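Here's a quick briefing to read with the model open in your viewer. Have a look at the chain below, then work through the notes by topic.

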Amino acid sequence: MIIFDISETLFFNIGIDVFSSIITLIILYSYKRDFADTYSIRLLRMIETAVLLILLTDIVMWILNGKSGDYVRALSYIDIIIYFIMQIVVALFWLRYAWYRIFGHSIPRKNEAFYVLVPFIILSMIVIASPLNGWCFYLDDANYYHRGVLSAPMSVVILAYLLSVSVIALSQYRKEVLIGRKKELLTIAFFAVPPFLGGVAQTVFYGLSMVWPCAVVSSLMILLNRESQVISQDTLTGLNNRRNMERHLRTYEEGQNRPVTLIMLDVNDFKHINDQYGHYSGDMALIQTANILRSTFNGTSAFLARYGGDEFVIVMPEGKESTAEEITQKIRNNFDVFNRSKQFPFLLTVSAGYAISTEKANNRIANLLREADENMYQDKSRYHREQQTQQQ
């Protein structure tokens with residue numbers, strides 16, 4: 001371990017904390033300006049606010065460290081308590097955010113009480129009691145800050161939360177189909193790496209404050225990924241949006257001949273679902289359609305996109321009609337399985353049409369889209385005829 005004198009690191013630590021605080025303020029402003037007020041964005045804003053408080057209280061800690069006076073001592077204790085509690089907040093709110101982004105829903109209440117609420121209460125009580133017992137930290141007679149016996153274990157607990165999220169994200173990454181989702185999961189998994197490296201540097205070079213400035217790097221990666229999603233991902237379903245789909249399809253217009261199958265889907269009776277059950281139910285129908293498609297194509301190289309409204313597109317590097325027929329039937333079967341669960345007060349079904357191209361040609365993709373669209377509406381016409389027959 002290399003130990004620096006406080007006077008040697010004071011201006012470096014304050015300077016890097018100030019710089020990191022400015023970056024964090026920019027991140028917070030970006031979340032407020034560029035994103036809708038959703039649950040996940042609110043969690044990110046809470047995390048960044050906590051990181052900002054950590055950086056600011058760290059600055060105050062360095063300024064007050066070793067200064068004499070009872071008021072300074074009291075202010076230092078308050079500052080350090082906020083510093084440690086905000087670290088706990090970051091770890092636990094990061095778990096909340098990552099869970100929501102990975103699984104698409106909040107942590108179940110029982111699990112949240114065990115993994116979030118109880119640890120927060122216990123760790124916070126240890127921090128708040130430290131001015132009396134010195135467990136987490138203490139100030140000596142000259143008002144210099146020192147780590148307590150539980151400081152290192154608390155850091156390990158916080159790091160364990162960050163690393164556990166990384167493990168969960170990586171395990172889910174192996175199951176994911178969508179390229180955009182894979183990138184997000186890797187970004188979530190990477191979040192713990194910079195703070196971990198900062199902790200190593202802080203351990204080797206005692207006296208440097210590196211963990212939370214490095215955490216700002218992780219925050220920047222999350223922001224850049226969310227900005228990328230705004231451009232390429234459908235916000236409701238999480239699938240690729242039409243713009244990203246068109247960009248993907250252009251790869252089949254270039255270079256050597258590549259076989260491609262394009263399947264187009266349309267949710268049946270979507271207007272009736274909206275009119276009869278409300279637009280929230282319509283949104284849930286679209287989200288569930290996307291979930292069924294994800295599970296259907298899990299582990300394949302299929303490209304999934306929301307084409308617009310209640311229409312979806314699947315693009316596969318395939319050139320066999322038998323495969324397209326088999327996959328289309330598999331999609332219908334998976335919708336039947338979902339309907340048997342009776343999660344919705346209505347049946348969720350789709351009409352499907354596909355088109356195949358094995359050789360490069362002029363207007364190849366435009367022709368594929370037109371042919372798949374025509375075949376889909378033929379299938380929808382059959383669906384309506386069957387519905388009319390059943391009603392008679």
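V127 touches I81, F84, I85, I88, C136, F137 and M154, leaving out residues up to four places away in sequence; a contact, or touch, here means heavy atoms within 4.5 Å. This is a predicted model, where local features need pLDDT of at least 70 and side-chain atom pairs count only at pLDDT 80 or more, while totals for chains, interfaces and linings use all residues. Residues are numbered from 1 along each chain as its sequence is written, and side-chain values use heavy atoms, with hydrogens and water left out.

**The cores**

- V127 is also among the residues with the most contacts inside the largest nonpolar core, along with Y31, F84, W94, F137, M154 and W212.
- That core has 55 residues; a nonpolar core is a set of buried Ala, Val, Leu, Ile, Met, Phe, Trp, Tyr and Cys residues joined through side-chain atoms within 4.5 Å.
- Buried means under 20% relative accessible area, exposed means over 50%, and partly exposed is in between (1.4 Å probe, protein chains only).
- The elements giving two or more residues to this core are α1 (6-34), α2 (39-64), α3, α4, β2 (137-139), α5 (151-173), α6 (179-190) and α8 (211-232).
- Helix α3 gives the most, with 17 residues.
- There's a second, separate core of 28 residues, and L265, A324, F344 and A352 are among them.
- As background, nonpolar side chains in soluble globular proteins tend to be buried together.

**How α3 and α4 pack**

- Helix α3 (residues 70-103) and helix α4 (residues 109-133) pack at about 170 degrees, with axes 9 Å apart.
- Those axes are lines fitted to C-alpha atoms, for helices over the stretch in contact, and angles run from 0 to 180 degrees between N-to-C directions.
- On the α3 side, the contact includes Y77, I81, F84 and I85, and on the α4 side it includes E112, Y115, V116 and F120.
- The residues of this contact divide into 15 nonpolar, one polar and two charged.

**The whole chain**

- The protein chain has 13 helices and eight strands, which are DSSP runs numbered from the N terminus (helices are H or I, at least four residues; strands are E, at least two).
- Its radius of gyration is 27 Å, well over the 21 Å that the globule rule gives for 392 residues, so the chain is more spread out than a compact globule.
- That radius is taken over C-alpha atoms, and the rule is 2.2 Å times the number of residues to the power 0.38.
- Of the 392 residues, 47% count as buried.

**Residues to click on**

- N143, in the loop between β2 and β3 (145-147), has a positive phi near 70 degrees and is buried at 4% relative accessibility.
- K342, in the loop between α12 (321-340) and β8 (350-357), has a positive phi near 55 degrees, but K342 is exposed at 71%.
- Most residues other than glycine have a negative phi.
- S218 lies in helix α8, is buried at 1% relative accessibility, and contacts F190, F191, P194 and P195, leaving aside neighbours within four places in sequence.

Key
Nonpolar A, V, L, I, M, F, W, Y, C, P; charged D, E, K, R; others polar.
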